[in-house]
Amino acid sequence: MFPAGPAPRPKLRVLRALWALLVVLLAPWRLWAIQETQECTWQVVLNNLESVGKNDAIDHFVDQELYTVDKVFDLLVDAPIDPDEVRGLGAGEWERSWSCTLLGSGHLLTISLQTYLGFPYYLKINYSCTGEVSSEALVRKGHLTGLKPVVLVTFQSPVNFHRWKIEQLQIQMEAAPFRSPERCDAEEVCLMSWYTPMPIKNGSVVMRVDVSSNGLGPFIPNKRFHVNINGFLEGGRDRELQFTVGNELFHLIPQYFVNVPSRPLWYTVDQTPVLILGGIPEEKAILLTDTNFKDFFLVELSIDSCWVGSFYCPQASFTATIYDAIATESTLFIRQNQLIYYFTGTYTTLYESKRGSERWVRVLANECIKRLCPVHFHSNGSEYVMALTTGKHEGYVHFGTITDGLVSFQLLPRHWSVCSAILVVNCSITWATFIAGDYNLLMLVEIVGPASSKYFQVVSYDLVNDYLVVLYTIPEFIPDGRRGRQRGLEKWVGARRGPSDPTSLLCPLCLCPLPAQGLEFLMILGTESYTNFPMVPKGMSYNPYNNLLFIWGNFLLQSFNSENFIYLADFPKELSIKYLVNSFRGDMAIVTENEEIWYLLEGSYHVYQLFPSKAWDVYINLQVLQQSSLYAPNETMVTLFYEDKKLYQLVYLIDNQQGRLVKRLMPVEQLLIYQQISDEYVLERQGSHLTLSFSNFCPFTVMRLRELPNPKIYTRQERYRAQPPRVSEPWGFHSENSLAVYQGLVYYLLWLHSKYDKPYADPAHDPTWRWWKNKKQDQDYHFYLASNRRSAGSVHVDMTSYEKIYDLKAENELPERIFLDKGTSYSFSVFLTARKPEVLHGPSFQVLSPVDLAVVLADPHCIEAIVKEKVLVNLTSVLFRVKLSDKRSCFDQGISGHHLMKTSMLVKSNLMVPVLIGCPPGKRLAFDITYTVQYNRAQNKHYFDCVKVDPEMPCFLFRDSGCPAPSPLPSPALPACPLTAPTHPLLFLWVFHLSSFPSLISPPGLHPSDPTVFYPFFLIQDLVTGDSGSFQGSYVLKVVGGGPTLDTIKEYSEEEIYRFNSPLDKTGSLIWTTENTMTTEDLSFNIMSHNSLGIEWLCQENSPCHDTIPYHIFAPEFFFKVLVSNRGVDKSTYCDYQLTFLLHIHGLPLSARRAFLILLVSASLFVGLVILYIVCCLLSPYMVKFCNILRWKINSIIGLESYYTYSTPSDGRAFSHSGTVSWRNSRLNSRVFYKGAEENKAET
C-alpha cells in the first residue's frame, strides 16, 4: 500500500493510459474476430474454356472431348516438362486408358498418347458469408490473407469392371487465383476467383468434389459438391444446350406440386450421374438434375404418349403422368400408363463411342406393365430393373439388364409362372426385389384363395439354378401388440432364428442416443393373438450390407434371414406406408400415404415419428425466427432421399405468392434429441424456485475413436496431389496460359496413373517416376531460374508438386468402407467416459459402470469381432479395443475389386461400417524384370541381350550350344542337341568346324552340357499403399500365345495351351519344361513358386517356336505370350492374380534339316568362292596382257584424235610436217614398247 501523497498518481495515470491504449489497439481485432465468426460457405460452379473469368457464367458437364495444349507447352523451352519426352513415353504402348474424342465423330485420336491434353472444364471457386459484406470483397480479403482452396475430386468406380479397372481414385488440387479480365477503374483487383481443372476419367461419370481451406484466412467449413456428366444434354446452335430427352420447361406452375403426393426417388446407388423424378399430374414431364437437386430442370419428354389397350390390359383411363422413373449409370427408365420407355445417354467416357439414343425407345410393347421396381445395386458389370406385368403374363417378372447402355429383358421364371410353381390358380406379383450378390429374386405374391380370400407369400427364385421356393407366408391380420408382446432380449435370442441372425453376437446393448423405452416388438412364431386389421403388404426392401429384409404396408416386418420375421409394434396399424427410403448405412426413413415421416434404425425395434411432431413444430419456429429461406408456411414435400448418409427433402415452397423448389436437410438428430428431453424432465425445487433437470439417457458423456490405422490400406483410396505452376506475376494471379499448363499437368499425371498398370514392373514403384527420372538432377537449376523470374513463359513447374500420396493419416472417424482380404483384420479403439461409475475397493480394484459396447455383425460366419475392455480408473473411462477379422470361409478367389461380398459391422450406437470381403482393389501381380535379369545373369554366369536393345522389354537367351540335361518329368524323350544359330547364316561353316571344340564357343564358366535356365520373378504391388514385394505364393505358368514378331502374335486355343504347357503331353509339342515335381490336382500343369528350379526352353518339333525362320542376319527370335495365375494353387489370399505379359526370347535353335540346308548353301558358296579364286590366279597373266593391249589401243586412238583436233587447215605445211613427225614418233614408241614387252616375256 502506497503512503498518502501525490507520488503514485502519475504511475496510476500512466497505467490507465496504457490500458486505454491497449483497449483501443485490441478493439479492431475484437471486431475482426466477431466479424469472422459469421457463417461462411464455399461456392463452386463449372466453367468451360470460354467462360473463364466471367462473373456469372455457370455451365453443365456436357462436353467430354479433350483438347490439346501443346502450343502453350511449346513456350516452355527450358522447363522440366519436355513435350518430346512425353511423345516418347507414349509411343509403343499397348493399351489406351485416356482418350481424346474428335469433335463430331466417334473416332478416337491417338494424340492422347503423344501430347499434353486439357480437360474441357474448370472448377470456379468462391465463398460467401452471412452479412452485408459483398462476396467480391470477401474473396479479395481471403486471397490477401493467404487463403487457397484445396479441391479433392473423387472418381466413382465404374459399373462395368469387365471394360474398366476397378479403383478408388482421388486427386487433390490447389486452386489458382485468377483475376477477371473485366475492366476495373477503382481498385487493383475488382473480381477474382480461384480455378482448378475439372478432370475426367474413362469409366467414371460420377465425381464428388470436396472443397476445404488451406488453413489460412477465414474459417470456412468443408463442403461437398456433386459434379456429374450429363449425357442427356447436347450443344445446339450457337452452343446453346438442349435436352435430347425432350424440351425444357421454364415455369414451375404451382399445380405441378401443390397438394401432389410425394414419390420415391429411384436410382442405382453411388453410380447415377443424372437423377429423374416423375409424378407431375397430367404432364409427361420429369424433374432432372445432375447435381443431386442443387439445381434442376423441368423437362417435357418427347414420347408418343399413346396407349394400347386390349382385353388383357385392364386400363380404366388414360393419363399423361409419368408414374415410375428409374435412373441408372447411363440409361433412364419411365412408365407411363402401361408402357415402358428408356433412353440411353451419350457417355463417351463409358463406351468410347457415341452410343446414346436418338429418341425414347419403347420396350415390352405387347405387355401390360403395372409397376417398375428398382434394383439399387449393380452386379457382375451390369445394372438391373424389373417390370411387373398383368394380363396374359401375370405371375412373371420382366428382368431388365443394362450393360454399357445396352438394354435387354428376359422373362422370369424361365420355364413356368410363379402361380404354377407354387400350385395356385390365381396369383399376382405385387413387388420384386433382386439380391444382386446372390442372384436371387424375391417376390411378394398375392394369392386369391377359393373363397376369394387373399393372402401373401414371399417367394424366392434362384436365377443360377432356376429354382423357386416359398420362404414365408405373411399373416392375414396384424398381430395384437398389447397381448403376447415379448419383452426382453432373452426371449428374442431364445426364439427360432436362422444361422445368419446377428443377435447371437449381441453384447449388453448401449443404444445412446436412442434409449430403450421398453422392447416393443413381436417375434412371429404362429402363436400370437391377432387384431381385426388385415395385413396389406405393399412392398419389400433389402439391405445387402446387413441382410435385413423389410416387408411394409400398414405394418412393418423385418428379418435377418428372409424366413423369420419380427413385427415392429411401434408403427401404428392405422397408417399405410407409401415407400421406404434406405440409406444402406444403418438407418431408413418411412413415408406414409398421408405424408408422415417416420425414422428407424435398422436392427432396432423402435420407430420414431419425425413429421408431424412437436419437435418439428419447435424446429420450424426457430427457423422462422432466423429468417431461413428454406422454410415457408405453405410447403409440399416432393420427395425424400439420402445423400452422404444424411436425409434430405425436396420441398416446394410458396412464399409471398412465389413458388420455388428447394433442397434442405432433414434435422433427424435434433428432432430425436428434442423428443427424448421433452418426455423425460423433472421440476425440482431448490430453495424458493423450481429448476428443470433432465434424465441422463447415456451412461457416458464422451465418446472418441482412437488408435485408428492408416486408412489407405482399408479404404483402398488412391490419391494424387497436384499444385498449380508458379507464376512470376507480383500479385500471384494466373493467366489463361498458366491455367492451360495446369490442365496439361493434371491430365498427364492421371495419364501416368492409367499407364502404370502394365505387366513389366518399373525399377521404382511410383507412377510419376518416369516423368521426372531424367530431370531430377536439374531441379536446382530450374528453381534458380524461377527465383530470378527467368522461367520460360513466366511459369515454373515444381517437380515435387505432382506426386502420389501414400502417408495419409486417419481422421477421428471410421472409414467409409473397409476392404478385407483373406485373414486380414481392422483394429480400432472406442474411448468412453462414464457418467457415474461405482468404485469397489477390495482385493481387485474395479469400476462398476453401465458402460458397455455392442458390436453387431451381419455375417458372423464370415467375420468375427473381438472386444477387449480396459478400465481407466483415474479418468473414470473405459477403453474398448475392437478387432474385426476375416474368418477365411466366405470367399473363394477373385480378380482385384471383382465380385466382393457385402457385409457390415455395426458399433452401437449407430456406427455402421460396410465391409467388403474379397480381393481389394489396387493389388496386382507384375513381372519383376529388373531382378529377373540380375538373377539370371548371376545363375547362368552370363546375360546376352538382343542386338537391338529395348529397355522396356529385355531379351533372354534360349539356350547355349550344349544339350539340355534330361528332364525327370514324364515327357517324351528330348531330341538330339540342335545346332544353334547365334550368328550370321554364312558363318555356319565356321560354327560347324568349331563344333568339335565346344570350349571355344561356350561362354566362360559355362560347361556346354549345362542348359541356360530361365528364372522368372514376380512382384505383388499395392498401388494404394505403395508397397511392393516379391510374390511368395504358388502360381501356374502357361504360354497362351506367341509369334516370331510382335505383329504375328496369335492366341492359342485351349487344346494348344494344353499341348504346349502340360507335362502329360505326348505329341512332342512342349515349349518349356521344369524340374519341379509339384503339379495341379489333375496333373495337367506344373506349379511354380519364387524358389522353383526355373524353366528350360524346349520348342519341340510340334511346337510353334520350333524351326523359327530368321528374318534378318541375326539369330531367330520369338515372342511368347505368358499367362501367370495363382488361382486354385495359392491359398494365402482371396486375390486371383492374373498376369499376361510378352517374353522376348532370342537365339532359338534351327531344325537339323534347315541347319543342314543352310550348311549346304554356305559350303557351296564357300567352295564357289575358292574355285573362283583359283581360276583368277591361273588366268591373271593373260588378263594382264589383254589389259595392256587394250590400254595401248585406247591410248593410240586418244592420241590420234587429239592430233587432228588441234591442227589448223590454214597452215597445211606445218600440219603435214607435224603429222609426219607425230606418226613417226608414235611408230617408234610402239616399236620400243613392243620390243620391251618381248624381252619381258622372254625373261619370264
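Is the disulfide of C862 and C890 left-handed or right-handed? The torsion about its S-S bond is about -85°, so this disulfide is left-handed. The model discussed here is predicted.

## The C862–C890 disulfide

The sulfur atoms of C862 and C890 lie 1.9 Å apart and form a disulfide. C862 has a relative accessible area of 0% and is buried.

## Other disulfides

The count of disulfides comes to six. Among them is the pair C919 and C1135, with sulfur atoms 2.0 Å apart. Its S-S torsion is about 95°, so the disulfide of C919 and C1135 is right-handed. The partners are 216 residues apart, C919 in the loop between β61 (911-917) and β62 (923-927), C1135 in the loop between β71 (1117-1125) and β72 (1138-1146). Both C919 and C1135 are buried.

C946 and C955 also form a disulfide, at a sulfur separation of 1.7 Å. Here the torsion is about -100°, so the disulfide is left-handed. Both C946 and C955 are buried.

## A three-stranded sheet

Strands β43, β44 and β45 form an open antiparallel sheet in the order β43-β44-β45. Its edge strands, β43 (634-643) and β45 (658-665), each pair on one side only. From one strand to the next, the twist averages 20°.

Strand β44 (residues 646-655) runs antiparallel to β45 and is joined to it by eight bridges. V651 stands opposite V662 in β45.

Note on methods
Residues numbered from 1 in each chain as written. Predicted model: local features only at pLDDT ≥ 70, side-chain atom pairs only at ≥ 80, totals over all residues. Heavy atoms only, no water. Pairing = 2+ DSSP bridges. Helix = DSSP H or I, 4+ residues; strand = E, 2+ residues; numbered from the N terminus. Axes fitted to C-alpha atoms, helices over the stretch in contact; angles between N-to-C directions. Disulfide = S-S within 2.5 Å. Buried < 20%, exposed > 50% of the residue type's maximum accessible area, 1.4 Å probe, protein only.
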